[in-house]
Amino acid sequence: MAVELKNDRLLRALLRQPVDVTPIWIMRQAGRYLPEYRETRKQAGDFLTLCTTPELACKVTLQPVDRFPLDAAILFSDILTIPNAMGLGLYFVEGEGPRFERPIRTQSDVAALGVPDPETELRYVIDTVRLVRQELQGRVPLIGFAGSPWTLATYMVEGGGSKDFARTKALMFDQPALAHKLLEILADAVSAYLNAQVDAGAQTLMIFDTWGGVLTPRDYKAFSLHYMQRIVACLTREHDGRRVPIILFTRNSGASLEAIADSSCDAIGVDWTTDIGDARRRVGHAVGLQGNMDPAMLYASPDRIRDEAAVVLASYGAGSGHVFNLGHGITPDVDPDHLAVLVDAVHELSRQYH
Ligand code: CP3
């Protein structure tokens, strides 16, 4: 018998069902701004060991939920687990971000890629999901996630992070068939991975398309959104008698909101460069919206943070369908007390809208 979910605001708001207050969780809520995270990471030795050790990954997943009255936990992992399982050799350079030992550049590189079996090659992630569900005891829902095929492809082709995406874009423009082949394999891998997370206990899923917004709207549809849509069509939409909402987050996607809303997802993550009230007028009849305070607002004073929370809530307006979040991940040098102010403000100030 599954443990009853005590706080289901997130799942309800994503599906535009009535809630008492607006739910809030924060992208990268388990991260370096928390002293307890830094401590556990030190104990692990490095970030990858933290991700691949279910007991430690579970521990850091729960840290933000223990500290703040957040309405969701998000699996502690990384989007680059899939390319790592494909054999690219992921490593992190301190202060510089992720790198791959064996980037994907040629037809034979793509031909050699297989779709990892989540239950074996990504077993540590699936075990973490099971462990977190057990430890949460139904306090809040657990969000599972993966990177979008396009965003994963940028890291795989560039061999790490990039400013201009020169290699990935050249591949897309000059060898579109090869780019599509790579994206197809990634879409299959992401679908299997996300469905395994649902089987293990993830109650909602989010696809992170951090770099879809560097494409023209036309290329975005063909090379990023198309593959997210294929994934959405393959995902388990109901588990344990409940709908599993799917959130698509493309950073800088203001120009494409209508197209994203047409993808059969349940909700769209919106960054802070789009007004959430405008987004609601454009697509709010079809999907829920998640976002979208500027992450840098957490550097401001508590009073200013409260005022801004009020502005974002008022912009969305009355009724359900809004999940409060930042427009992108929380940054490592934020004072955790400032996040506490935001979480309380959202719960308190949103009551009038429900
Ligand atoms: O939201 C959460 O709390 C869940 C955990 C999570 C992490 N990464 C943990 C992490 C999630 C959802 C991600 C996704 C991710 N990883 C994305 C897409 C989301 C986004 O931010 O747009 C991307 C592009 C990555 C790849 C990646 N992993 C980068 C660029 C970095 C940062 C490198 C750095 O040093 O700043 C990572 C590492 C990473 N992933 C950290 C965390 C907490 C920091 C690792 C550390 O040093 O402890």
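Biologist: Where is D240 found in this structure?

Modeller: D240 is found in the loop between β6 (238–239) and β7 (242–243), where helices (DSSP runs of H or I, at least four residues) and strands (runs of E, at least two) are numbered from the N terminus. This is a predicted model, in which local features need pLDDT of at least 70 and side-chain atom pairs count only at pLDDT 80 or more, whereas totals for chains, interfaces and linings use all residues. Residues are numbered from 1 along each chain as its sequence is written, and side-chain values use heavy atoms, with hydrogens and water left out.

Biologist: Why does D240 count as exposed, and why is T274 called buried?

Modeller: Buried means under 20% relative accessible area, exposed means over 50%, and partly exposed lies in between, with a 1.4 Å probe and protein chains only. D240, at 60%, therefore counts as exposed, while T274, at 12%, counts as buried. T274 lies in the loop between β9 and α13, and, leaving aside residues up to four places away in sequence, T274 touches G254, L257, A279 and N292, where contact means heavy atoms within 4.5 Å.

Biologist: What is the phi of D240, and what is that of Q137?

Modeller: D240 has a positive phi of about 50 degrees although it is not a glycine, and Q137, also not a glycine, has a positive phi of about 50 degrees. Q137 lies in the loop between α7 and β4, and its relative accessible area of 43% is why Q137 is called partly exposed.

Biologist: What makes α2 and α4 roughly antiparallel?

Modeller: The axes of α2 (residues 35–44) and α4 (residues 54–67) come within 10 Å and cross at roughly 170 degrees. Such axes are lines fitted to C-alpha atoms, for helices over the stretch in contact, with angles from 0 to 180 degrees between N-to-C directions. Because angles over 145 degrees count as roughly antiparallel, α2 and α4 are described in that way. The contact is made by P35, E36, Y37, T40, Q43 and A44 of α2 and by L56, K59, V60, Q63 and R67 of α4.

Biologist: Why are β1 and β11 said to stand at the edges of their sheet?

Modeller: The open sheet of 7 strands has the order β1-β4-β5-β8-β9-β10-β11, with parallel pairing, and two strands pair if DSSP finds at least two bridges between them. β1 and β11 (322–326) each have a single partner strand, so one side of each is left without a neighbour in the sheet. Strand β10 (residues 288–293) pairs with β11 in the parallel sense over 5 bridges, and N292 stands opposite N325 in β11.

Biologist: Which kind of peptide bond joins G291 and N292?

Modeller: G291 and N292 are joined by a cis peptide bond, with omega about -5 degrees, and N292 lies in strand β10.

Key
Angles under 35 degrees count as roughly parallel, over 145 as roughly antiparallel, 65 to 115 as roughly perpendicular and the rest as oblique.
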